[in-house]
Protein chains: 2
Amino acid sequence: MVYIYDTTLRDGAQTKGVSFSLEDKLRITQALDELGVHYIEGGWPGSNPKDLAYFEAVKGLRLGNSKVVAFSSTRRKGLKVEEDPNIQQLVKTEVPAVTVFGKSWDLHATQALGISLEENLQLIYDTISYLKRYFEEVFFDAEHFFDGYKSNPEYAVKTLKVAEEAGADCLVLCDTNGGTLWFETEEIFDAVLKEVKAPLGIHAHNDADMAVVNSLIAVRKGAVQVQGTINGLGERTGNANLCSIIPNLVLKMGVESIPKENLKKLYKVSRLVSELSNRPHPANLPFVGENAFAHKAGVHVSAVEKNPKLYEHMEPELVGNRRKITVSELSGRSNIVNKAREFGVELEKGSPEVKKVLERVKELEAQGYHFEGAEGTLELLFKESVGKAKKYFELKGFRVLTEKRSDNDEAYAEATIKVEIPEEVAREKGLEERVEHTAAEGRGPVEALDKALRKALEKFYPELKSVKLTDYKVRILNEAAGTKALPRVLIESTDGESKWGTVGVSPNIIEASWLALADAFKYKLMKEEEKKRR
Amino acid sequence: MVYIYDTTLRDGAQTKGVSFSLEDKLRITQALDELGVHYIEGGWPGSNPKDLAYFEAVKGLRLGNSKVVAFSSTRRKGLKVEEDPNIQQLVKTEVPAVTVFGKSWDLHATQALGISLEENLQLIYDTISYLKRYFEEVFFDAEHFFDGYKSNPEYAVKTLKVAEEAGADCLVLCDTNGGTLWFETEEIFDAVLKEVKAPLGIHAHNDADMAVVNSLIAVRKGAVQVQGTINGLGERTGNANLCSIIPNLVLKMGVESIPKENLKKLYKVSRLVSELSNRPHPANLPFVGENAFAHKAGVHVSAVEKNPKLYEHMEPELVGNRRKITVSELSGRSNIVNKAREFGVELEKGSPEVKKVLERVKELEAQGYHFEGAEGTLELLFKESVGKAKKYFELKGFRVLTEKRSDNDEAYAEATIKVEIPEEVAREKGLEERVEHTAAEGRGPVEALDKALRKALEKFYPELKSVKLTDYKVRILNEAAGTKALPRVLIESTDGESKWGTVGVSPNIIEASWLALADAFKYKLMKEEEKKRR
């Protein structure tokens, strides 16, 4: 049995630019519990009041799978452990388990802490033996273990032995600087196994791009605890990525750990943590990235579906992810039919509708449209082509003025817009006025245009108030054409429940933004209508 | 000797959303050559005209270290190799080496290609033996080798043997689906080494987060060629990341490959590729990420500098990266002095000028400026800060109007601009009128503004007629902020002799473009003046 020990909330929270609120931490705790991780290291209560608050709040959660763990340093030099306020904070948390880190590298003890090697051993012994009185499980994180072993193997092992004597339930070898290579991990684990009997664990960092393999190697050597974070969050290059470790362990290596069924939750947990750490979810993350199972254009849909094992190293659904096949002209009709089905539209492979949609897709692609990340525009395209989407509004003109008065003045922008709704929509809503002509301003032209369009449309469609723009990307498609370049604007919108992407391409960047914005609103209106029809 | 084989331009270019222009590819080729990679796989000439164009254009580059390689499939079933146009395209490239990929997995041959196992062997043999007549080096990429070996080891090895017989100079085992675990790589390499004598290579993908270690394990087993991409670019989860492999190989494992000195260029190559693939440079990339050596706040500057080995697994400078400690100017000043020297300006390390430049750089970086690819703006910044560049013109206002009259009308734009030249410049040129107020139009607002600015400036500075904008890129810096996002515009200009990059950052995309455009012209004027002074 290999225990998964998550430190997203403690070591992961040390990532530059990441700041979890208490609410965030509780949400992540619940998600991790549902996933089934065995230990959740919630923070270092003695280090700051925010961490302390977590341990108070988490008592209110009913967790089915995970044990909450509190983290701490060894007692301060010169202080008795009973008198160390940091250690006392730990005791107050009343969690089922605690983890204490101590120096295993002689130089760190003498130079960084400024204590003798003997004293360091005493700190470790005192702290762990004391905590064993209060906690069912006490883990020892042997900080800088691998570098320490390379520098002074006897001493490094001594720190483990002392922790073992004190009653530590697991000795976790930490690659704190992250520079240990895989074969060194093998050698060092082999050596340590000869010296101690207590269960071993691993805590790797990714500075040499080795954290995942180092963790799996430790397991193969008999380690029973693997520490890591979701998405490999963590300072510098991050901690060992549990989103890679867990599927490899359970699905590929057949190791008993988190139940296989639970892994379907992995993708969602991964996305949640990206969301709450306010970082884009890297599309190329193994297992849980958007593109992890996205096949390139040349691969035929039919080929993959007939025998997925030929193209995929595992089934995406096992980790909650899904296969993606690009809509490309090369594989044409099968793609269109499959895509239409994803949108809830049944089309016949040889039908004129499919031909129409395919031609429209090709036409747009030739103009520079790509539909990755713009499923909203694609769905509108499909449904408009087969008469399943209305014309919700018509543009009667917009004008966007950007002005900058001098080198020292900031530029600003003003947009005016006129839109008209169709007769039947006005009739449905009992409205007399079909046209709205309004204006808005903003720091930039796209902001001004978005505000103006929103103002105009919300007059007719108040349901659009919930729509927010969460992501705005621009790519210049033929950059070498200078200012005659072709901008492609990709927008992501949300209504609080779902998210959708829309795209616009035009040599005029404002027009490209307009197209993506208009589609974002049309998409929402189309979805609202579909809801009503059900 | 281990040869580094870069496929950023071929396999890496297949990444979703990445599209390299010809200009981009040539820039990357030059950067890779300076880094010292041994082979640069530039594309698949038979697959599309863009790839073909690269091989024509690259003949014009003078490369000191790298050999350009063309990529191709084996001949098409049913066609004689001499009659296969794809293979003939290959021959026309006149590169020093070619790589041919063929199926090593029996099921792929029979199900995906629809040919017999014998026929598949024939395709491999024919293609390689034919190409050996035209090329000094012919490499065989054994596609899906590891899965193929697991499925039918004898057949997989047979494909290698046949390639060896045909004269292949290296047999590259490809983990095409990316699911091979490290110990499987060890076992399979051991088995293959018993069966073939030709040199071996490795081409790994990162689907199981194993690509880097699989590549290094291959080297330990005696592989002489490692294929990968910069930043691990590539479809799905990416190819093996050369930015992790190279430092591990050369600096940690002491393997003879790219000279140690050259590794200092790694960081810049990595940033260039991110820039040109229009993707954010992941801060947590091992070795080359912004945060790879960013120490958390708790670590004291003095402690790290006294004994960096206690905190860092290696020296950042070895790969061209730098240590970051949150509050510290210390690493700032040396950088400034070195950069100034590059621009032909000698500065004293402790001087107020250096402090001024450093502050300006930090200020701009805090606003979102990065200077990679924008050395023009950086040089202007340096020289303006130390009084070595004039104020060539002042903006007295611009207004850019974008109008779109209906859904069916194309948008267009008109810009008016007023600029003023300084008194002394007017005097020098014997001009009475210091102000030019003019207008221009274009399909888009940036085109209109560029034309208007050009018109205005050429009145005073006819030398600017030779300046052309060759590249226009936009990156949105904090995409998750929606339309309140922060655009960064990167422009490349040329006067027919040199090229220079300039950058502008502003929440207003027109203003960001203005800043980059204005710098582009100022840079040219500064250079003209420096020429006169010599």
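In this predicted model, the buried residues of helix 5 of chain B pack against several other elements of chain B. Three of these elements are strands: strand 3 (67-73), strand 4 (97-103) and strand 5 (137-143). The others are helix 3 (85-92), helix 4 (106-113) and helix 7 (153-166). The residues of helix 5 that count as buried are B:Asn120, B:Leu121, B:Leu123, B:Ile124, B:Thr127, B:Ile128, B:Tyr130 and B:Leu131. In an α-helix, residues three or four places apart point the same way, because there are 3.6 residues a turn. The length of helix 5 was also checked.

B:Leu131 belongs to the buried set of helix 5 of chain B. Apart from neighbours within four places in sequence, B:Leu131 contacts B:Ile87, B:Leu90, B:Val91, B:Val98, B:Val100 and B:Val138. B:Leu131 is also a member of the largest nonpolar core, which holds 191 residues. The members that touch the most others there are B:Leu131, A:Leu131, A:Trp182, B:Trp182 and B:Phe145. A second core is separate and has 92 residues. Among them are A:Tyr461, A:Leu464, B:Tyr392 and B:Leu449. In soluble globular proteins, nonpolar side chains tend to be buried together.

Chain B also contains an open sheet of 3 strands, in the order 14-15-16. The pairing is antiparallel. Strand 14 (468-476) and strand 16 (499-505) are the edge strands, and each pairs on one side only. On average, neighbouring strands of the sheet are turned by 20 degrees against each other, direction ignored. Strands of a sheet pair through backbone hydrogen bonds.

Strand 15 of chain B (residues 487-494) pairs with strand 14 over 8 bridges. B:Leu469 has B:Ser493 of strand 15 as its bridge partner, and B:Ile476 stands opposite B:Pro487 of strand 15. Strand 15 pairs with strand 16 over 7 bridges, again in the antiparallel sense. Here B:Ile491 stands opposite B:Thr502 in strand 16. Strands 15 and 16 of chain B form a hairpin, with 4 residues between them. In the turn, B:Gly496 has a positive phi of about 95 degrees.

The side chains of strand 15 of chain B point two ways. B:Pro487, B:Val489, B:Ile491 and B:Ser493 point one way, while B:Arg488, B:Leu490, B:Glu492 and B:Thr494 point the other way. All are buried. Because 8 of the 8 residues are buried, strand 15 of chain B is largely enclosed by the rest of the structure.

A further residue, B:Thr402, is found in strand 11 (residues 394-404) of chain B. B:Thr402 counts as buried because its relative accessibility is 1%, and the cut-off for buried is under 20%. Beyond its neighbours within four places in sequence, B:Thr402 has contacts in both chains. Those in chain A are A:Phe398, A:Arg399, A:Val400, A:Asn508 and A:Ile510. Those in chain B are B:Ala411, B:Tyr412, B:Ala413 and B:Pro445.

Chain A was also described as a whole. There are 534 residues in chain A, and 61% of them count as buried. Chain A has 18 helices and 16 strands. Its C-alpha atoms fill a box of roughly 85 × 60 × 50 Å along the principal axes. Of the contacts in chain A with a separation of 6 or more, 67% join residues 24 or more positions apart. Chain A exposes about 21,000 Å², and carbon and sulfur atoms supply 48% of this area.

Methods: Residues numbered from 1 in each chain as written. Chains lettered and ligands numbered in written order. Predicted model: local features only at pLDDT ≥ 70, side-chain atom pairs only at ≥ 80, totals over all residues. Heavy atoms only, no water. Core = buried A, V, L, I, M, F, W, Y, C linked by side-chain atoms within 4.5 Å. Buried < 20%, exposed > 50% of the residue type's maximum accessible area, 1.4 Å probe, protein only. Contact = heavy atoms within 4.5 Å. Pairing = 2+ DSSP bridges. Helix = DSSP H or I, 4+ residues; strand = E, 2+ residues; numbered from the N terminus. Axes fitted to C-alpha atoms, helices over the stretch in contact; angles between N-to-C directions. Areas by Shrake-Rupley, 256 points an atom, 1.4 Å probe, with all protein chains shown as cover.
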